[in-house]
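Please look over the chain displayed here before reading the briefing that follows. The notes are grouped by topic and can be read alongside the model.

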Amino acid sequence: MKLSKTTMAKTIKAITMAAIASVSMTTFAADVAPTSPQLSVQLWSIKDDVAADFEGTLKKLKAMGFDGVEFAGNFGAYEKDPKGLKAFLEKTGLKPSGAHVHFDKLSPENFDATVAFYKAIDCKYLIIPMDKRAFTPEGAKEVAAELEVIQKKLAPHGMHTGYHNHKPEMLGHMGKTP
């Protein structure tokens with residue numbers, strides 16, 4: 001598998017930024033225990049490569065020095081096979097650092113199946129990738145309240161949730177972020 005020049009450039013930039021952040025964070029947080037995995041890739045950033053060759057792309061990431069991956073909804077042939085995915089990750093030497101999971105996957109009717117899948121691959125961080133409600137102060141409060149409810153449901157499973165913000169959440173109304 002060959003990554004495109006654009007993808008490779010973005011990956012190298014991400015590695016460089018991660019290394020800079022790592023050095024900076026180490027300088028300021030020497031007493032904090034290291035995380036596992038140490039260096040991880042958000043698979044959404046290379047979604048086309050993942051879609052074209054899931055296993056080959058993950059193997060290539062490991063060969064590049066990454067320790068983990070943050071899933072973004074594409075699991076290749078393992079979409080309905082979390083045990084197979086776990087075995088592949090172990091064989092490859094990668095760990096799940098988290099996953100982008102939309103609110104609908106954490107709704108009451110989907111919660112148990114979603115949690116079971118991610119528990120099976122030892123993924124503890126289920127991150128909401130975006131919600132347009134968070135673009136306004138009122139909507140951001142709704143999102144925060146929903147995240148709080150979900151976190152209370154995830155806690156007994158040893159799992160956590162969070163929110164991946166983007167530019168619109170940071171612009172806010174009249175110069176204030178929601």
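A residue is called buried when its relative accessible area is under 20%, exposed when it is over 50%, and partly exposed in between, with a 1.4 Å probe and protein chains only. This is a predicted model, in which local features need pLDDT of at least 70 and side-chain atom pairs count only at pLDDT 80 or more, while totals for chains, interfaces and linings use all residues. Residues are numbered from 1 along each chain as its sequence is written, and side-chain values use heavy atoms, with hydrogens and water left out.

**Overall make-up**
- The chain holds seven helices and five strands, where helices (H or I, at least four residues) and strands (E, at least two) are DSSP runs numbered from the N terminus.
- Read from the N terminus, the order of elements is α-β-α-α-β-α-β-α-β-α-β-α.
- Of the 178 residues in the chain, 33% are buried.
- Among contacts (heavy atoms within 4.5 Å) with a separation of 6 or more, 74% link residues 24 or more positions apart.

**Helix α3 and its surroundings**
- Helix α3 covers residues 54-63, and its buried residues are Phe54, Gly56, Thr57, Leu58 and Leu61.
- These buried residues of α3 pack against β1 (40-42), α2 (47-52), β2 and α4.
- Gly65, which comes just after α3, has a positive phi of about 110 degrees.

**Parallel strands and their crossovers**
- Strands β2 (residues 68-71) and β3 (residues 95-100) run parallel and are joined by four bridges; strands count as paired if DSSP finds at least two bridges between them.
- Within this pairing, Glu70 has Gly98 of β3 as its bridge partner.
- Helix α4 (residues 82-92) lies in a right-handed β-α-β unit with β2 and β3; right-handed here means that, with the strands pointing away from the viewer, the path from the first strand over the helix to the second runs clockwise.
- Strand β3 also pairs in the parallel sense with β4 (residues 125-128), over two bridges, and Leu126 in β4 is the bridge partner of Ala99.
- The chain passes from β3 to β4 through helix α5 (residues 111-120), in a β-α-β crossover that is right-handed.
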